[in-house]
Amino acid sequence: FCGHTTLRIDSNIIVFNIKELMNSDENIRNALFFNILKYAWGLCLDKNRNTILSVDEAHVFIDEQRPIALDFMFQMAKRIRKYQGMQIVITQNIKDFLGTPEIQRRSAAIINACQYSMILQLAPNDMADLLTLYKSAGGINKREQEGIVTAERGEIFVISWPMDRTFVKLVAMPNL
């Protein structure tokens with residue numbers, strides 16, 4: 001905090017790798033989370049830049065023991081588009097968003113505020129969790145559920161508005 005940093009605020013991409021932070025003392029970790037999140041929000045408020053805040057491994061932040069991070073994503077989801085920004089929340093397990101009733105409420109609010117949702121293949125036993133999460137965001141009908149469960153590699157169910165949905169297939173180009 002008082003020493004040399006490699007962070008360049010004029011960079012187009014700023015990455016905070018918090019892997020080592022996860023092994024630190026809980027009080028230190030929470031203080032550092034707060035500082036990182038406040039810094040990220042400050043970047044989002046800068047109307048001279050279009051900010052995309054990507055939260056990978058979201059399960060790390062969706063934890064009733066560390067509510068500050070979930071609260072941040074909740075507030076960010078509600079406000080970031082007003083500042084020409086975008087929030088991307090990524091997780092490999094839909095159950096991450098379904099914990100206590102409060103986690104469920106905030107997670108559903110994050111999803112409801114999303115302009116786009118992209119859902120890759122899910123196991124059939126994960127479908128009930130997905131339906132719970134999306135019930136107030138237009139739901140997922142039977143045909144869509146079947147498509148999600150049977151999706152192949154590269155097939156994605158995309159929701160771009162509550163009733164504007166489609167399946168897309170991404171095809172990687174060979175290395176040239």
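**Entry 1: W41 and Y83**

I looked up W41 and Y83 in this predicted model and found both buried. I take buried as under 20% relative accessible area, exposed as over 50% and partly exposed as in between, with a 1.4 Å probe and protein chains only. For the conventions, I number residues from 1 along each chain as its sequence is written, and side-chain values use heavy atoms, with hydrogens and water left out. The model is predicted, so local features need pLDDT of at least 70 and side-chain atom pairs count only at pLDDT 80 or more, while totals for chains, interfaces and linings use all residues.

I then listed the aromatic pairs. Rings of Phe, Tyr and Trp (its six-membered ring) pair if their centres lie within 6.5 Å; planes under 30 degrees apart count as stacked, over 60 as edge-to-face and the rest as tilted. By this rule I get three aromatic pairs. For W41 and Y83 the ring centres are 5.7 Å apart and the planes stand at 85 degrees, so I log the pair as edge-to-face. W41 is in helix α1 and Y83 in the loop between α2 (67-79) and β2 (86-89), so the pair links distant parts of the chain, 42 residues apart. Helices (H or I, at least four residues) and strands (E, at least two) are DSSP runs, numbered from the N terminus.

**Entry 2: F157 and F167**

F157 and F167 make a tilted aromatic pair, with 4.9 Å centre to centre and 40 degrees between the planes. F157 lies in strand β4 and F167 in strand β5, so this pair ties together parts ten residues apart in sequence. I checked accessibility for each: F157 is buried at 1% relative accessibility, and F167 is partly exposed at 29%.

**Entry 3: the sheet**

I followed β4 and β5 into their sheet. Three strands form an open sheet in the order β3-β4-β5, with antiparallel pairing. Two strands pair if DSSP finds at least two bridges between them. β3 (117-119) and β5 (164-169) are at the edges with a single partner strand each, so one side of each has no neighbour in the sheet. Neighbouring strands are turned by 25 degrees against each other on average, direction ignored. Axes are lines fitted to C-alpha atoms, for helices over the stretch in contact, and angles run from 0 to 180 degrees between N-to-C directions.

Six bridges join β4 (residues 155-161) to β5, and the two form a hairpin with two residues between them. I noted E155 opposite K169 in β5, and V158 with T166 in β5 as its bridge partner.

Helix α5 (residues 142-150) packs on this sheet and touches β3, β4 and β5; its direction makes about 25 degrees with that of β5. Contact here means heavy atoms within 4.5 Å.

**Entry 4: R106 over F74**

I found R106 over the face of F74, at 4.5 Å from the ring centre. The rule asks for NZ of Lys or CZ of Arg within 6 Å of the ring centre and within 35 degrees of the ring normal.

**Entry 5: whole chain and confidence**

I count five helices and five strands, in the pattern α-β-α-β-α-β-α-α-β-β along the sequence. Buried residues make up 37% of the 176 residues in the protein chain.

Mean pLDDT (the predictor's confidence in each residue, from 0 to 100) is 83 for the protein chain, and 97% of its residues reach 70 or more. Confidence is lowest in α1 (residues 26-45), at a mean of 80, and highest in α5, at 96.
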